[in-house]
Amino acid sequence: MRTFSFLLLFVSTTAFSQSLLWKVSGNGLKKPSYLFGTYHILKDSYLNQNAKVKTAYEGAEGVVVETEIDSSAMLSMAMRGLMLNNSLNKLLSAEDYKLVADEFKQRTGYDLGLFNQMKPIVTATMLSLAYVQKESDTLSRFTGLPLDLYFSSDGRKRQKTVNTLETMEEQMTFLYDHDPVEKQAQQLVEMVKGKAEMYDLSKSITELYLKQDLQGMWKLNEKHGSSFGDMTYLVDERNRNWMKRLPALISIRPTFVAVGALHLPGPNGLIELLRKEGYKVEPQ
């Protein structure tokens, strides 16, 4: 799971409304668009209990998601995750390597040696997903496709125009190459040592999301965001990049924008960035 920290300063009080769905209007838009915060591992039957989101999605002419899997780029993406002249056992002390290896084996069932030349962020991502799976009982009642995939695939079936805010390569560049592998390795060790906090954080975020408590999610990540290294760039820098594309996309047609929920709140979140551009952004 990715954790992020945000600053409280300059966030308007309306940004704290308990909602994951926001109406975007004004600033020359002929028809409103909608901004929805997703939970990437949540399945689409969740929408059956959220009529407002279904209505907003079904009424939109376009769909925007973070990215889509590009099968033609899979090989190059896999290569980007490799350390050709380094390895995890060289980056870590013998003690820390054993700590990570034991945890990795227990949580994923794989020998860490199989991933020794993968960048540490790859191993960290696999571990974080394993930690999130502890919440599978909470989420198991939901079926279907993961929300983000559902909106893009179902959108095409409904002949909606589907666009992305970044390419798969751009997303992987942020994940794999933003920090040097030495820093990634240290963050991996910190995550394993802080696994109890990670479990609690995963559970809390799941509960808050199902309550549609965006404020609670934001506050939780502000509190714990630096526990496993500063990864605010995964939100803040990407949001700024997305804002170079998003206004043009919503100006063409009424659009349903589905991105991870933690991209919405905070002074660098999409809600505030859209408001700074002159849009009216209201919770639904």
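These legends describe close-up views of a predicted model.

Residues are numbered from 1 along each chain as its sequence is written, and side-chain values use heavy atoms, without hydrogens or water. Because the model is predicted, local features need pLDDT of at least 70 and side-chain atom pairs count only at pLDDT 80 or more, while totals for chains, interfaces and linings use all residues.

**View 1. Helix α10 packs against helix α11.**
α10 covers residues 195-210 and α11 covers residues 214-224. Helices (H or I, at least four residues) and strands (E, at least two) are DSSP runs, numbered from the N terminus. The two helices pack at an angle of about 165 degrees, with their axes 9 Å apart. Axes are lines fitted to C-alpha atoms, for helices over the stretch in contact, and angles run from 0 to 180 degrees between N-to-C directions. α10 and α11 are therefore roughly antiparallel to each other. Angles under 35 degrees count as roughly parallel, over 145 as roughly antiparallel, 65 to 115 as roughly perpendicular and the rest as oblique. The crossing of α10 past α11 is left-handed. Left-handed means that the near helix is turned anticlockwise from the far one by less than a right angle; clockwise is right-handed. From α10, E197, L201, S204, I205, L208 and Y209 make the contact, and from α11, G216, M217, L220, N221 and H224. Contact means heavy atoms within 4.5 Å. By class, this contact has 6 nonpolar, 4 polar and 1 charged residues. Ala, Val, Leu, Ile, Met, Phe, Trp, Tyr, Cys and Pro count as nonpolar, Asp, Glu, Lys and Arg as charged, and the others, Gly among them, as polar.

**View 2. Helix α4 packs against helix α5.**
α4 spans residues 94-108 and α5 spans residues 120-132. Their packing angle is about 45 degrees, and their axes are 10 Å apart. That makes α4 oblique to α5. α4 passes α5 in a left-handed crossing. On the α4 side stand E103, F104, R107 and T108; they meet T123, M126, L127, A130 and Y131 of α5. The contact has 5 nonpolar, 2 polar and 2 charged residues.

**View 3. Ring pairs link F36, Y57, Y150, F151 and F256 into a cluster.**
The whole structure holds 12 aromatic pairs. Rings of Phe, Tyr and Trp (its six-membered ring) pair if their centres lie within 6.5 Å; planes under 30 degrees apart count as stacked, over 60 as edge-to-face and the rest as tilted. F36 and F151 pair edge-to-face, at 6.0 Å centre to centre and 85 degrees between the planes. F36 lies in strand β2 (residues 33-38) and F151 in helix α7 (residues 147-157), so this pair ties together parts that are 115 residues apart in sequence. F36 is buried, at 0% relative accessibility. F151 is buried too, with a relative accessible area of 0%. Buried means under 20% relative accessible area, exposed over 50%, partly exposed in between (1.4 Å probe, protein chains only). The ring centres of Y57 and F256 are 5.5 Å apart and their planes at 70 degrees, so this pair is edge-to-face. Y57 sits in helix α1 (residues 51-59) and F256 in strand β5 (residues 255-260), so the pair ties together parts 199 residues apart in sequence. Both Y57 and F256 are buried.

**View 4. Helix α12 is mostly covered.**
Of the 10 residues in α12 (residues 233-242), 7 are buried. They are Y233, L234, V235, D236, R238, N239 and W242. Their cover includes α8, α13 (246-252), β5 and α14 (270-276).

**View 5. Q171 is a buried residue of helix α8.**
α8 runs over residues 168-177. The relative accessible area of Q171 is 13%. Leaving aside neighbours within four places in sequence, Q171 is in contact with E66, T67, E166 and R238.
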